[in-house]
Amino acid sequence: MLLAGGVAIGVAMLVFLLAFVAGTRRALLDRVVSSLPITHLTVVPRSFSLSVIKFDSPFSSLDPAAVERIAGLEGVERVMPMAALKLPAQLRARFFGQGFVTDTGVFGIDPALVEDQIPSGAGFTAEAAEDPTLPAVISGDLIDMYNTGFAKTNDLPQLTPEILAGQQALLYLGSSSFRPGPEEQVRTVPIRLVGASDRVPLVGVSLPRGVVERWNRELAGESTPQYVQLTVVVGRAQEVEEVAAQIETLGYEVTSGREIAQRIRTLTRVLQVAFGLIGLVVLAVAGVGIGNALLLSVMERRHEIGIFRSVGASRGDIRLLFLCEAALIGLGGAAVGLCLAAAAARGADLALDRVLPDLLLLPESFFALSWTILALGLSLGLLVSILAAVPPAHRAARMDPARILTSG
Amino acid sequence: MESGELVAVRGRSGSGKTTLLNAIGGLDRPTAGSVLVDGEDLYARGDRALSRYRNERVGFVFQSFHLAPDETALENVLVPFLFARRPPADAAERARRALSGVGLADQVDQPAGTLSAGQKQRVAIARAIVNDPDFVLADEPTGNLDDRTGADIITLLRGLVERGLGVVIVTHDPAVSAVADRELRIVDGRLAGAAP
């Protein structure tokens, strides 16, 4: 029982750690794939840094001509530019009876970028009009930041995209708490929130791109749109790297979901190996315990061995007997270990659920108890037990039955 | 030694009686000489063949019984079938018959540890004969028994001879020699035959 306990703890630790890494990888990959699907590339102007200040290269602008060039590359299915309002802006709203004013960025996005994350019928289209209200999207991460920070410190209710949907606010174009302008130049636009997305900028509201381009033209005098970012959709996943390389040769910085996913996979693989080694060390210690205990058992059961030999057991039979016993200990211990790991994973999920705030990006579970991991735990528990039993089994098989039986 | 005879082996303590018995039974490889079974050298065979010989051709009875005390009489008698090449389908029935043959039909399900010394030795004899061997090799089978129980056990072993088995008994007991067909004495490390 004690022997099986050692195997159970070793297997439980191994499976728990591997399931945690696998679960974390799954959660991270889900997040990456959601914010930047593997066929999508994010393109920004090439930049250079001076200390902490980052400058866009003047030779790397994203204008309609650049969009056209990139759209013409082989393998590119679609290009979705993102514009930023060239004026300061403020957002004024009332939430739960309280007035709320903040400076904000205003971005113009292609409605197709968020079409699978915004309820259809919300009116977030390129043709959306200012009258009566403009549809706006905010970042899901911003809701998380509000819930975990602002709402807690100001004793305000938690928000969800569903609660926010339909919420109205006023956007003051040209107004800023840092650079107050003349009141007559400020233009007030009513907006309504239609949903949250993890593909829009964190700090700000995102509107249909045409609206922001028009404001830049009318209010900021921009003759040719300059985009802050492009989202490039590649037709086939295997062409992503090639397209990314072509865009880089045009002088832009490119980020691909595939590349981030690859980095996550590499990192979690390293973690998996490290945690796997920790679990193996615990299992090896359990194996040494099993080996010692079985050696003791061989000495205690020498009469039984002698009787078995006298009634026809061969050395191989005795060896097999001890190996089978060890296998049963290993199997039983590993099975208990798997149950312990599953229970510990569930417990950890419940504890994390209680400790961590309600974040939209939190996964349902931090653990992925796949069949592969369960089979690995079971096999290793079995293997370690059998290997540990080899020396005692060999010793039992080599015992001299005549000496055992005549020693009383 | 032939089937159907009871041979007593006598000698002083340490003279090598048990070693002789173990050598005959395929348990102890002699350092010199050979054991011929059906004209073939027993120890020319490998471990597996020797094990098969012990399982099928001979049965051992020991002075201190060597039973598993927590197992029932029936389970103790069934042990040789665990290592049989082809365990018979009626193993349990044969074990019950063997126990019945030694007078323990009503003790079949008793744990061996709860039986009297005489009953334990009967269980050991049942275990030795359950596989229908040619020989039963008994090492001081009455050494741990009182005279009356010892006499019963010798009668039981004698009965096996009447059924055609060969029985070899290593003993100090002159009463055993009295019922033996042949007595062998070991004197100064050498075997000397003598008629009863």
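At what angle do α3(B) and helix α5 of chain B pack, and how far apart are their axes? In this predicted model, the angle is about 30° and the axes lie 7 Å apart.

**The α3(B)–α5(B) pair**
- Helix α5 of chain B covers residues 117–129.
- Angles under 35 degrees count as roughly parallel, and α3(B) and α5(B) are therefore roughly parallel to each other.
- The two helices, α3(B) and α5(B), cross in a right-handed sense.
- On the α3(B) side, the contact is made by A73(B), N76(B), V77(B), V79(B) and P80(B), while α5(B) brings V123(B), A126(B) and R127(B).
- Sorted by class, this contact of α3(B) with α5(B) has 6 nonpolar, 1 polar and 1 charged residues.

**Chain B overall**
- Chain B holds 7 helices and 8 strands.
- Of the 196 residues in chain B, 44% are buried.
- Taking contacts in chain B between residues at least 6 apart in sequence, 70% join residues at least 24 apart.

**Where chain B meets chain A**
- Chain B puts 19 residues into the contact, and chain A puts in 17 residues.
- Three helices of chain B, α1 (17–24), α2 (47–56) and α3 (73–82), each supply at least two residues of the side that touches chain A.
- The most comes from α2(B), with 6 residues on that side of chain B.
- By class, the side of chain B that touches chain A is made up of 8 nonpolar, 6 polar and 5 charged residues.

How values were computed. Residues numbered from 1 in each chain as written. Chains lettered and ligands numbered in written order. Predicted model: local features only at pLDDT ≥ 70, side-chain atom pairs only at ≥ 80, totals over all residues. Contact = placed C-beta atoms within 7 Å. Helix = DSSP H or I, 4+ residues; strand = E, 2+ residues; numbered from the N terminus. Nonpolar A, V, L, I, M, F, W, Y, C, P; charged D, E, K, R; others polar. Axes fitted to C-alpha atoms, helices over the stretch in contact; angles between N-to-C directions. Parallel < 35°, antiparallel > 145°, perpendicular 65-115°, else oblique. Left-handed = near helix turned anticlockwise from the far one by under 90°. Buried ≥ 20, exposed ≤ 12 C-beta atoms within 10 Å, placed from the backbone.
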